[in-house]
Amino acid sequence: MHRGRIWENASIARNAYMTGASVRPHGYPHFTTFMLVLSGKKACVHVHGFLPYLLLRVGGNFTPTLEQRMKDKINRLIQREFAVSQNQEEKQTTGNFVYKIEPMMRKSIYGYHEEMEQFVKIYFLNPMHRARLFAALSKEVDEFPVMQPFEAHTPFVLQFFIDNSIFGMDEIAFKQVQYRVGQQCDSQDKIFGELTVGDVINDTDRTSFSTSLLSPVPPITCCAIECDAMASDIMNKQLHSANVHSCNPGLEYIWREEAARCAAQGRKLEDTFNN
C-alpha cells in the first residue's frame with residue numbers, strides 16, 4: 001500500500017497502491033499507481049521511463065565491437081530460452097531483445113576488490129526478457145564466471161521501488177506530471193487543488209511539449225485525477241537524503257494524522273516516548 005504526492009500543485013495523497021508493471025506489445029513498460037488525495041478524490045498516476053535491467057562484468061575494456069558482440073550473444077541466449085520453453089528447436093533468426101547497454105564502473109559484491117571494475121548495465125523493454133537472460137546465464141556461469149549476472153534476482157516492481165527510494169506505506173513525490181483530460185470535462189472543472197481543466201488545456205507558459213501540463217493520452221480509468229509522470233521526476237531520493245521524508249513513512253503519516261485530530265479537538269499532541 002502506497003500513498004502518493006503530486007509535487008506540482010502539491011497535495012498529499014493517501015491509501016494508494018500500485019498494480020504493478022504492464023507492457024504493451026512493441027511498447028515500454030509502465031507502472032500504474034492508484035491513490036486517494038486528501039480532498040477525497042481518487043487519482044491514478046501512470047509512471048513511465050523505468051526499464052528492467054541487469055549488470056554484467058565486462059572483464060576488460062568496453063568497446064563498440066564488444067558491445068555488439070554482447071548484444072548478439074544475449075539475443076541468442078534469450079532466443080534459445082524461448083525455444084526450450086516452447087519445446088521447439090532453436091530458431092535460426094534472433095530478435096533484438098536488448099534496448100541499450102551502458103558502461104559503468106562498479107565493485108563486485110562477491111569477494112574483496114580494492115579497485116573498481118568495468119561493468120555494463122543492460123536494459124530491456126520487457127521484464128520477461130531479463131528473466132530469460134538470467135535463466136540462460138545461470139547455465140553458463142559455471143563454465144564462464146564472467147557471465148555472472150548482478151542485480152538480476154530482484155523482481156521488476158521491487159527494483160523500481162529500490163532505485164526510486166520508495167518504501168511500504170510511502171509517499172511518492174513528483175517534480176511534474178501531465179494530466180489526462182477527457183472530452184466530456186468542462187473547462188471550469190477543478191482537477192487538482194485550484195487547477196482547472198481550462199488551465200491544463202490552455203497551458204501556454206511551458207517551453208516544450210515534455211513540460212506541458214496536458215498529457216497526449218486520454219484517460220482510461222474512472223478516477224477523478226489521472227496523469228502521467230516520468231520515473232526520472234520521482235523526488236523520493238532527494239527528499240530522503242534531505243530528511244524531508246522519514247525512514248519510516250508509515251508511522252510518520254499515522255503521527256501526522258493523530259496530530260491533525262488533536263488539533264481539531266483543541267488538544268496538544270504529546271510525545272510520551274521522548275519526554
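A nonpolar core is a set of buried Ala, Val, Leu, Ile, Met, Phe, Trp, Tyr and Cys residues joined through side-chain atoms within 4.5 Å. I start with that term because buried, here, means under 20% relative accessible area, and both words come up throughout this talk. The model I am showing is a predicted one.

With the term in hand, here is the main core. The largest nonpolar core of this structure has 34 residues. Val47, Phe160, Phe174, Tyr179 and Ile191 are the members with the most contacts inside it. Several elements supply at least two residues each, among them strands E3, E4, E5 and E7 and helices H3 and H4. Strand E11, at 190-192, and strand E13, at 225-230, also supply at least two residues each. Apart from this core lies another one, of 20 residues, including Leu56, Phe82, Val98 and Leu133.

Now the chain as a whole. The secondary structure comes to six helices and 13 strands. The chain has 275 residues, and 41% of them are buried. If you take the contacts with a separation of 6 or more, 64% of them are between residues 24 or more positions apart. The accessible surface is about 16000 Å², and carbon and sulfur atoms hold 53% of that.

Next, the strands, starting with E3 and E4. How many bridges join E3 to E4? There are seven, and the two strands run antiparallel. Within that pairing, Thr33 has Val45 in E4 as its bridge partner. Strand E3 is largely enclosed by the rest of the structure, because eight of its nine residues are buried.

Strand E7 has two pairings to look at. With E5, strand E7 pairs in the antiparallel sense over five bridges. There, Leu55 stands opposite Lys121 in E7. With strand E6, residues 98-106, E7 also pairs in the antiparallel sense, over eight bridges. In that pairing, Phe119 in E7 is the bridge partner of Met104. Is E7 enclosed or open? Six of its eight residues are buried, so E7 is largely enclosed by the rest of the structure.

On to the aromatic rings. A pair of aromatic rings is described by the distance of the centres and the angle of the planes. The structure holds twelve aromatic pairs. One of them is Phe31 with Phe156, at 5.1 Å centre to centre and 40° between the planes, which makes the pair tilted. Phe31 is in strand E3 and Phe156 in helix H3, so to speak two distant parts of the chain, 125 residues apart. Phe31 has 0% relative accessibility and counts as buried. Phe156 has a relative accessible area of 8%; because the cut-off for buried is under 20%, Phe156 is buried too.

Phe156 has another partner. Phe50 and Phe156 form a stacked pair, with 5.7 Å between the centres and 25° between the planes. Phe50 lies in the loop between E4 and E5 while Phe156 is in helix H3, so this pair ties together parts 106 residues apart in sequence. Both Phe50 and Phe156 are buried.

Which residues do ring pairs link into a cluster? They are Phe31, Phe50, Tyr53, Tyr123, Phe156, Phe160 and Phe161. The charged end of Lys121 sits over the ring of Tyr53, 4.1 Å from its centre. The charged end of Lys100 sits over the ring of Tyr123, 5.0 Å from its centre.

Last, two details of the backbone. Glu151 is not a glycine, yet it has a positive phi of about 55°. Glu151 is in the loop between strand E8, residues 149-150, and H3. Ser165 is also a residue other than glycine with a positive phi, near 55°. Ser165 is found in the loop between H3 and strand E9, residues 173-174.

Are these residues buried or exposed? Glu151 has 38% relative accessibility and counts as partly exposed. Ser165 has a relative accessible area of 14%, so it falls under the cut-off and is buried.

Find the core of 34 residues. Then find Phe156, which pairs with Phe31 and with Phe50. Then follow E7 to its antiparallel partners, E5 and E6.

Note on methods
Residues numbered from 1 in each chain as written. Predicted model: local features only at pLDDT ≥ 70, side-chain atom pairs only at ≥ 80, totals over all residues. Heavy atoms only, no water. Helix = DSSP H or I, 4+ residues; strand = E, 2+ residues; numbered from the N terminus. Buried < 20%, exposed > 50% of the residue type's maximum accessible area, 1.4 Å probe, protein only. Contact = heavy atoms within 4.5 Å. Areas by Shrake-Rupley, 256 points an atom, 1.4 Å probe, with all protein chains shown as cover. Phe/Tyr/Trp six-rings, centres within 6.5 Å; stacked < 30°, edge-to-face > 60°. Lys NZ or Arg CZ within 6 Å of the ring centre and 35° of its normal. Pairing = 2+ DSSP bridges.
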